[in-house]
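Subject: A structure for you to explore

Hello,

Here is the structure I promised to pass on to you. Please open it beside this email and follow along as you read.

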Amino acid sequence: MQKNIESVLIEQRRFEPDPAFATAARPSATEVVRLRERAAEDPQGYWADLARTHLSWQRPFTVTLDRSQAPNFRWFTDGCLNVSWNCLDVHLEQRGEKTAIIFEGEPGDVRKLTYRELHAEVCRFANALSARGIGSGDRVVIYMPLVPEAVIAMQACARIGAIHSVVFGGFSAVSLKDRIEDAGAVCVVTADGGWRGGNIVELKAATDKALTEGCTSVRDVIVLRRTGAAVPMKTGRDHWWHELVEDMPTDCAPRWVEAEHPLFLLYTSGSTGKPKGIQHASAGYLLGAKLTYLWVFDRQEADVFWCTADVGWITGHSYVAYGPLAAGVTIVMYEGAPMFPDGGRFWRICEQHGVTILYTAPTAIRALMKLGDEIPAGYDLSCLRLLGSVGEPINPEAWMWYHRVIGRGRCPIVDTWWQTETGAMLISPLPGVTATKPGSCTQPLPGIEADIVDDAGQSVTTPEAGGYLVIREPWPSMLRTIWGDNQRYLDTYWAKFQNRYYVAGDSAHRDADGYFWIMGRIDDVLNVAGHRLGTMEIESALVAHPRIAEAAVVGKQHDIKGESVFAFVVCRGARPMGDTGAFEQELRDWVTQQLGAIAKPDDIRFADNLPKTRSGKIMRRLLRAIARGESITQDVSTLENPTIIDQLRG
Ligand code: WTA
């Protein structure tokens, strides 16, 4: 089906959809045209129909979209429902005995839960939370390994109307503390540890550290026994999960909440200040997660769906904990590192559990690609029928490898563009409908009014000309606000074009076929191995070190991680000379302690000062060029200290 050969211009390659590709839940090509027309003519009617068809309401809504506080949009406002009911109870009759979760721990332990068992566990934990006095609107921080209990805890919160905030287990105690405090959480759910790369990630120890100072809102810490390692338990505050749920009933009436009731907060990096708590609403979010699951992954009853993301990220929220469960399919969860104990782990999991859909990040694809074709060739991947990519631009070479070596040329690839803020995929091919091009996320899904605009907010119509990626009309799964800081919500996403469109923070261009190509972030946000990191956060962490006076962080291309962290550092006193290896390591450890290992700089360069304009602004573009080893084309005449360039070049 490949139209062009690999040696021609990469943008020319195009893969036509296979009309024979099974269609179960996704719309056909003709239906897509009809959906787009309907969405354009009557967007509210379009979304209302979908919300009535795909969600189970306790009280139906009559108001589809409330624009009165725009750009704080509100959807389905007078309706009531429960998210966990929509993910679990609705399946009990028809799919009670169907496997909901196939879990594989890093050490190789496998556990399966049917929908009925998952429902019972969620109910027991929901009852345990209620028994601790946790109720509707309370914030619960979940800091766990990627085990079924992480999903159980999320669903249990949803069941009682508590607002969860999952903190990725790779984040440090300091990051955890910041998030607990910002959210004002009353409870932390954690584990004695989790397995990663053959080691134990000490989640309970980090929780204890986070709670030693501040975090006065936290009354309870619930600890799952996962590794069996001994952990200190603080009387009165700490409780074992298994003890709390022991006598709890396996049924728990859901708390019906209004459509706009916050379902969760998820902290993500922005260009300034501390991470922001992205707030999502119950009904709109679930509609987005479920609908995109049905359409983009072409839901089929027999599917075994594996999204490799951790529930600490939005991808793990929408395509592990909510979307696929709402769609009633079987999911795979794998706790550990992708290369542990060897490069065949991913493919062994696919083979053993009969994975039919694999959804992963370009960084993982590139890392696995580097190991060669022989490893995946040794596994039976014939169950796979569809492949997905998310989190960062996928380079055409990695796309082709994924297609050829993993998909064996048979499986369509869906390159899905979306964000923590968008709640669900917004731009993506539909398998069997959309022709794909390696490196392009193709076209907006029906109902999504994506556009590319210039600085003046005018639509860019010239093919290949870049601009700001914006969404012109509200959509149900959009973020509602930033927790505790609506002004920041307005400033970050809406101010640039006077509240006219949602500004994604990415640049993009469109080709002559109207296909979208994401170019990257336009703000000071790095994308390291598919994870969003604010340069400011890393700079603040560095400057918090007693020997550091000033720091500037930029991204540098990296062939596996996409981008890596490059730090320019000015020390208090004299610049370190000679062998600085030990000090660099100390700084890396320091950043790991402050933020987490994902934020640690690969490169550190010491200088007497940083290149600044006379008005005192750090010239980041210049630093980026230096980090990338590019020649300097910028005008440096405005630099206050032009001689610094040679020193920075190292
Ligand atoms: C980037 C992850 C290119 C983009 C779901 C976005 C992508 C940021 C793609 C959001 C893609 C995500 N192609 N870039 N298919 N998907 N991105 O919030 O820069 O962790 O703004 O959400 O990842 O990252 P976040």
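This is a predicted model: local features need pLDDT of at least 70, side-chain atom pairs count only at pLDDT 80 or more; totals for chains, interfaces and linings use all residues.

**The nonpolar cores**

Let's start with Phe125. Setting aside its neighbours within four places in sequence, Phe125 is in contact with Ile152, Ala153, Ala156, Val189, Ile222, Trp241 and Val245. Phe125 belongs to the largest nonpolar core, which has 144 residues. The members of this core that touch the most others are Phe125, Val189, Trp241, Phe297, Phe305, Tyr319 and Tyr322. Helix H10, residues 282–296, gives this core its largest share, 10 residues. There is also a second, separate core of 29 residues, and among its members are Val355, Leu368, Met369 and Leu384. As background, nonpolar side chains tend to be buried together in soluble globular proteins.

**Around the ligand**

Next, please look at the ligand. How many residues surround the ligand? There are 17, and the closest are Asp415, Thr416, Thr420, Arg521 and Arg532. By class, this shell has 6 nonpolar, 6 polar and 5 charged residues. Three elements each supply at least two residues of the shell: helix H11 (314–326), strand S20 (413–416) and strand S25 (516–521).

Here are some individual atom pairs to find on your screen:

- Asp415: a polar side-chain atom lies 2.7 Å from a nitrogen atom of the ligand.
- Arg521: an N or O atom in the side chain is 2.8 Å from an oxygen atom of the ligand.
- Pro393: a backbone N or O atom lies 3.4 Å from a nitrogen atom of the ligand.

On its own, the ligand has 530 Å² of accessible area, and the protein covers 96% of that.

**Thr268**

The side chains of Thr268 and Arg532 are joined by a polar contact of 3.3 Å. Thr268 lies in strand S14, residues 262–268. Is Thr268 buried or exposed? Thr268 counts as buried because its relative accessibility is 6%, and the cut-off for buried is under 20%. Leaving aside neighbours within four places in sequence, Thr268 is in contact with Pro275, Lys276, Ile278, Thr420, Glu421 and Arg532.

**Backbone details**

Finally, a few places along the backbone. For background, most residues other than glycine have a negative phi, and most peptide bonds are trans.

The peptide bond from Ala70 to Pro71 is cis, with omega near 5°. Pro71 lies in the loop between strand S1 (65–66) and strand S2 (74–75). Phe340 and Pro341 are also joined by a cis peptide bond, with omega about -5°. You will find Pro341 in the loop between strand S17 (330–334) and helix H12 (345–353).

Which phi value does Phe76 have? Phi of Phe76 is near 55°, a positive value in a residue other than glycine. Phe76 lies in the loop between S2 and strand S3 (80–81), and Phe76 is buried, with a relative accessible area of 0%. Thr442 is not a glycine either, yet its phi is positive, about 65°. The loop between S20 and strand S21 (450–453) holds Thr442, which counts as buried at 0% relative accessibility.

Enjoy looking around!

Best wishes

Key:
Residues are numbered from 1 along each chain as its sequence is written. Side-chain values use heavy atoms; hydrogens and water are left out. A nonpolar core is a set of buried Ala, Val, Leu, Ile, Met, Phe, Trp, Tyr and Cys residues joined through side-chain atoms within 4.5 Å. Buried means under 20% relative accessible area, exposed over 50%, partly exposed in between (1.4 Å probe, protein chains only). Helices (H or I, at least four residues) and strands (E, at least two) are DSSP runs, numbered from the N terminus. Contact means heavy atoms within 4.5 Å. A residue is near a molecule or strand if one of its heavy atoms lies within 4 Å of it. A polar contact is a pair of N or O atoms within 3.5 Å; within protein, one must be able to donate a hydrogen and the other to accept it, and residues adjacent in sequence count only if both atoms are side-chain atoms. Accessible areas come from the Shrake-Rupley method with a 1.4 Å probe; for residues, only the protein chains shown count as cover. Ala, Val, Leu, Ile, Met, Phe, Trp, Tyr, Cys and Pro count as nonpolar, Asp, Glu, Lys and Arg as charged, and the others, Gly among them, as polar.
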